Amino acid sequence: MQKTGSFKVRGAANKICQAKDAKIICAHSSGNHAQAVAFVGTSLGIQSKIIMPADTPQIKKNAVREYGAEII
């Protein structure tokens with residue numbers, strides 16, 4: 001029932017909300033945390049950049065992009 005399909009969004013939201021004046025958020029993940037950061041960032045109007053390993057499954061990359069993050 002979580003928006004991104006996992007409980008990771010709750011932790012990401014908590015941490016990102018603590019960064020009061022953030023313009024950009026950055027994270028390293030190849031899965032659920034990446035999606036959570038992208039979703040929360042977009043929801044709050046904060047640009048997000050996710051560093052993902054080259055061998056990350058395409059379905060995970062697509063989800064992160066759909067939530068509005070730039071993949072590095």
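Reader: Which residues does Ser 29 touch, not counting residues up to four places away in sequence?

Author: This is a predicted model, where local features need pLDDT of at least 70, side-chain atom pairs count only at pLDDT 80 or more, and totals for chains, interfaces and linings use all residues. Residues are numbered from 1 along each chain as its sequence is written, and side-chain values use heavy atoms, with hydrogens and water left out. Contact means heavy atoms within 4.5 Å. On that basis, and leaving out residues up to four places away in sequence, Ser 29 touches Ala 34, Ile 50, Ile 51, Met 52 and Pro 53.

Reader: Is Ser 29 buried or exposed?

Author: Buried means under 20% relative accessible area, exposed over 50%, and partly exposed in between (1.4 Å probe, protein chains only). Ser 29 has a relative accessible area of 10%, so Ser 29 is buried.

Reader: And what about Cys 26, buried or exposed?

Author: Use the cut-offs you just saw. The relative accessible area of Cys 26 is 54%, so this cysteine is exposed.

Reader: How many disulfides does a search of the whole structure find?

Author: A disulfide is a pair of cysteine sulfur atoms within 2.5 Å. The sulfur of Cys 17 has that of Cys 26 as its nearest cysteine sulfur, 18 Å away. For the whole structure, the search comes back with zero disulfides.

Reader: How many aromatic pairs does the search find?

Author: Rings of Phe, Tyr and Trp (its six-membered ring) pair if their centres lie within 6.5 Å; planes under 30 degrees apart count as stacked, over 60 as edge-to-face and the rest as tilted. Searching the whole structure gives one aromatic pair.

Reader: Which kind of pair do Phe 39 and Tyr 67 make?

Author: Their ring centres are 5.6 Å apart and the planes sit at 75 degrees, so the pair is edge-to-face.
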